[in-house]
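Open the model in your viewer and keep the selection tool ready. This tour goes stop by stop.

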Amino acid sequence: MAGSGERARHWRYAELPGVDLLRARYIRKTFVRHTHEHFVIAAIADGVEVFHHRGADQYAGAGALALVNPDTAHTGRAGVPEGWRYGAVYPSPEVVAEIAAETTLIRGTPGFVRPVLDDRYAVGLVHQVLRAADEGNALAADTLLRVAVTRLLRLNGGALPRREVRTAGAQVAARAREVLEGRMAEPPSLEKLALDLGSSPFALLRAFRELYGMPPHAWLTDARVREARRLLDAGVSPAEAAAVVGFTDQPHLNRHFTRIVGVPPGAYQRERKNVQDAREWPV
């Protein structure tokens with residue numbers, strides 16, 4: 001990505017368990033609709049990011065945060081010709097729940113109410129977390145992360161609504177998801193899946209999209225990339241990970257992985273094993 005002016009680093013810091021870290025600058029990058037198992041707390045330093053979230057385009061410019069709850073479908077692209085530069089932390093639901101229980105009055109599963117929040121102070125906190133992680137300052141990184149999450153929950157937090165699976169269509173969609181999870185490498189056709197669940201293809205398609213924010217085939221690609229990330233974190237090679245999760249070959253994995261995660265699987269695996277020089281990334 002050097003020639004295009006785009007670059008990204010996706011890594012972990014051992015002293016921040018349950019948290020992924022990212023620094024990136026994108027210009028022409030487009031993220032397809034996808035989800036995360038963790039929360040997204042993206043602090044925009046320059047430019048503008050646009051992301052489609054719950055039926056509408058959201059705009060996050062410099063000094064704002066893009067906030068996405070776990071398992072929530074969204075996209076991502078540049079909102080201005082020069083693109084956008086940002087730093088992000090991805091705390092797990094368990095990490096956020098622990099912080100919320102200790103520092104807020106939120107009852108139920110905590111999450112963010114609005115997808116964009118203008119708060120330069122919180123933006124600064126996120127970048128300080130990344131800097132502290134780069135410097136190996138565990139005390140500062142952990143402290144600043146907790147302060148940042150607490151502030152965001154107090155300004156923009158609430159109990160997340162429970163995903164409704166009461167209707168017949170939603171129940172079929174949930175069962176379809178279970179089937180796809182169990183048959184990730186060899187999924188059935190939409191017609192076969194619907195027939196096995198006592199539904200019709202278009203009824204299943206509508207119900208699945210309504211419940212999970214994307215059609216079954218897009219959800220399956222997203223799920224495959226999630227599983228590939230777990231395998232790469234465990235030391236499995238990209239080629240082997242591609243075969244295990246059902247991609248036809250490594251280039252197939254590379255294409256979808258980069259469109260969802262933002263970096264190729266090989267670079268992703270290398271970065272999470274090694275620490276680069278933080279001075280390469282101005283804040």
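Is Asp119 buried or exposed? Select Asp119 and show its side chain. The model is predicted, and in it Asp119 counts as buried, because its relative accessibility is 8% and the cut-off for buried is under 20%.

The side chains of Asp119 and Arg151 form a salt bridge, 2.7 Å from N to O. Arg151 sits in helix H3, residues 138-156. Asp119 is in the loop between strand S10 (116-118) and H2. The pair therefore ties together parts that are 32 residues apart in sequence. Arg151 is partly exposed, with a relative accessible area of 30%.

**The whole chain**

Zoom out and switch to cartoon. The protein has 10 helices and 11 strands. Its radius of gyration is 19 Å, close to the 19 Å that the globule rule gives for 283 residues, so the protein is as compact as a globular protein of that length. Along the principal axes, the C-alpha atoms fill a box of roughly 55 × 45 × 35 Å.

The protein exposes about 13,600 Å². Carbon and sulfur atoms supply 52% of that area. Of the 283 residues, 50% count as buried. Then think about contacts between residues with a separation of 6 or more: 72% of them join residues 24 or more positions apart.

How many salt bridges does the protein have? The count comes to 20.

Select Asp20 and Arg229. Their side chains meet in a salt bridge, with 2.8 Å between N and O. Asp20 and Arg229 are both buried.

Next, select Arg23 and Asp134. They also form a salt bridge, and their closest N and O atoms are 2.2 Å apart. Arg23 is buried, as is Asp134.

**A charged network**

Select Glu37, Asp71, Arg177, Glu181, Arg226, Glu227 and Arg230 together. Salt bridges link these residues in a network.

**Helix H1**

Move to helix H1, residues 93-103. Which face is covered? Colour Val95, Val96, Ile99 and Ala100: they are buried. Look down the axis of H1. The buried residues fall within an arc of 130°, so they line one face of the helix. Now show what lies over them. The cover includes strand S8 (84-91), strand S9 (110-112) and H3. H3 is also the helix that holds Arg151.

**The S4–S5 hairpin**

For the last stop, select strand S4 (residues 40-53) and strand S5 (residues 56-61). They pair in the antiparallel sense over 6 bridges. Find Glu49, then look across to S5: Ala60 stands opposite. Follow the chain to the turn, where 2 residues lie between the strands. Which residue of this hairpin takes a positive phi? Select Arg54: its phi is near 50°.

Key. Residues numbered from 1 in each chain as written. Predicted model: local features only at pLDDT ≥ 70, side-chain atom pairs only at ≥ 80, totals over all residues. Heavy atoms only, no water. Salt bridge = Lys/Arg side-chain N within 4 Å of Asp/Glu carboxyl O. Buried < 20%, exposed > 50% of the residue type's maximum accessible area, 1.4 Å probe, protein only. Helix = DSSP H or I, 4+ residues; strand = E, 2+ residues; numbered from the N terminus. Arc of directions from axis to C-beta. Contact = heavy atoms within 4.5 Å. Pairing = 2+ DSSP bridges. Rg over C-alpha atoms; globule rule 2.2 N^0.38 Å. Areas by Shrake-Rupley, 256 points an atom, 1.4 Å probe, with all protein chains shown as cover.
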